[in-house]
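Subject: Structure handover

Hello,

Here is the structure for your files.

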Amino acid sequence: MDIREKLRILSAAAKYDVSCSSSGSNRCTPPGGLGDACSAGICHTWAADGRCVSLLKVLLSNACKYDCAYCANRRSNDIPRATFTPKELIDLTVEFYRRNYIEGLFLSSAVIKNPDYTMELLVKVAKELRTVHRFGGYIHLKAIPGASPRLLTEAGFYADRSSVNIEVPSDKSLQYLAPEKNFASIYAPMNFLAERKLEYGPTARLRGPSFLPAGQSTQMIVGASGESDYQILSLSSGFYNRQKLKRVYYSGYVPINADKRLPVLTTKPPLAREHRLYQADWLMRFYNFRYDEILDEAHPNLDLELDPKIGWALRHPEFFPVDIQHADYEAILRVPGIGVKSAQLIVSGRRFSKLRLEQLKKMGVVLKRAKYFIYHPDTPASLRRLYPEMVRPLLLPRSKSGQLDLFAGSPLALPA
Ligand code: SF4
């Protein structure tokens with residue numbers, strides 16, 4: 001098969017892996033516009049130092065011996081199949097890099113023959129890029145569940161990041177939808193890589209190359225099985241705390257295969273739910289929220305109409321209003337409309353003067369949200385209580401609330 005045809009098939013086959021941030025978009029600009037977003041081919045991700053890097057996102061093979069219900073590449077699907085040789089992939093990466101198309105490689109694969117055979121080929125690509133071509137670009141390499149510790153260790157020394165996809169949020173659902181897999185086979189490489197990263201961590205740099213400097217990530221499909229958001233966030237929290245994963249990616253279930261084990265979607269894929277999960281995930285990673293604060297057994301699913309930070313605030317009126325002038329940093333961080341940077345500016349800026357609304361605005365505080373949750377010198381002394389039932393409709397998107405600011409002209413009105 002012509003290498004272009006292989007590239008067409010195997011880059012399209014990789015588009016369902018959302019471990020790269022831009023892979024969900026597919027948009028063409030009209031004539032005269034600038035730039036296209038394409039769901040396959042070259043995708044973008046962010047390096048540890050915040051740079052946005054473009055990656056050739058491709059599978060080594062889509063000829064899978066497994067038969068996962070949700071996957072386009074499963075054995076039982078009648079689709080064009082292709083497999084790169086390591087040399088073809090290496091040449092493509094080097095040539096694309098020289099032409100400045102890409103800055104790195106995102107390489108995954110279906111399971112060909114067996115996990116070790118597949119992993120050996122993936123490692124060979126990364127190893128030759130690094131050692132023969134002295135390729136210094138970013139490499140994201142999939143770890144194949146069931147691959148031997150020797151191959152996983154080698155992969156860790158040549159790749160910047162590795163990922164093993166958890167696929168669905170519970171072992172029971174995974175075994176139902178992907179009978180050849182189970183959580184134990186996925187946790188094993190994840191735990192192994194986490195332990196090796198500790199062993200060969202930054203202190204080991206003096207002794208040799210660093211091990212997975214950009215850490216590990218994983219991905220799960222949301223909505224293909226019945227788990228609640230509470231279960232999903234509990235799982236993600238475990239990944240961040242125990243396996244020290246850098247990112248968990250959520251992918252709203254898109255029906256690809258007609259399979260009686262999968263739900264029939266009567267509406268669009270659950271993109272709003274996916275978005276809310278990313279917001280909740282952000283709260284766990286940057287705002288010090290625990291998963292069981294964001295949701296609990298009594299509230300197992302995220303509110304699709306409001307972001308999870310507002311949802312938490314409305315369920316905890318006793319916590320508000322937060323006194324901007326005196327509250328500690330952690331409390332300020334919990335105010336909807338105040339981000340990490342703004343909270344830091346507030347804490348340092350209030351040492352010199354009492355902060356007025358204008359100053360808060362300049363610090364990046366989104367007052368149209370924050371104003372219901374803070375107390376500051378411009379707040380009337382009588383407004384020391386949050387009324388969730390009154391505030392909630394005001395924070396809904398305009399189309400949902402269908403009304404203007406109810407507080408306008410009332411004692412609760414604050415300058416926005
Ligand atoms: S092992 Fe991976 S590529 Fe193969 S069917 Fe399952 S999800 Fe698809």
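Residues are numbered from 1 along each chain as its sequence is written.

Overall

The chain has 16 helices and nine strands, taken as DSSP runs numbered from the N terminus (helices are H or I, at least four residues; strands are E, at least two). Of its 416 residues, 38% count as buried; a residue is buried if 20 or more other C-beta atoms, placed from the backbone, lie within 10 Å of its own, exposed if 12 or fewer, and partly exposed in between. Two residues are in contact if their C-beta atoms, again placed from the backbone, lie within 7 Å. Among contacts between residues at least 6 apart in sequence, 66% join residues at least 24 apart.

Confidence

The average pLDDT (the predictor's confidence in each residue, from 0 to 100) is 86 for the chain, and 84% of the residues score at least 70. Helix H7 (residues 229-241) has the highest mean, 97, and helix H16 (residues 398-401) the lowest, 55. Residues 21-25 have pLDDT below 50, with 16 contacts in the model beyond near neighbours in sequence. For residues 401-416 the pLDDT stays under 50, and the model has 22 contacts there beyond four places in sequence. Where pLDDT is low, the predicted coordinates should not be read in detail.

Helices H3 and H4

H3 (residues 115-131) packs against H4 (residues 149-158) at about 30 degrees, with the axes 9 Å apart. Axes are lines fitted to C-alpha atoms over the stretch in contact, and angles run from 0 to 180 degrees between N-to-C directions. H3 is therefore roughly parallel to H4, the term for angles under 35 degrees. Residues making the contact include Met-119, Leu-122 and Val-123 of H3 and Leu-151 and Tyr-158 of H4.

Val-222

Val-222 sits in strand S6 (residues 216-222). Is this residue buried or exposed? Val-222 counts as buried because it has 21 C-beta neighbours inside 10 Å. Beyond four places in sequence, its contacts include Ile-232, Tyr-250, Pro-270 and Leu-277. Leu-277 is 55 residues from Val-222 in sequence, with a C-alpha to C-alpha distance of 9.4 Å.

Regards

How values were computed
This is a predicted model: local features need pLDDT of at least 70, side-chain atom pairs count only at pLDDT 80 or more; totals for chains, interfaces and linings use all residues. Angles under 35 degrees count as roughly parallel, over 145 as roughly antiparallel, 65 to 115 as roughly perpendicular and the rest as oblique.
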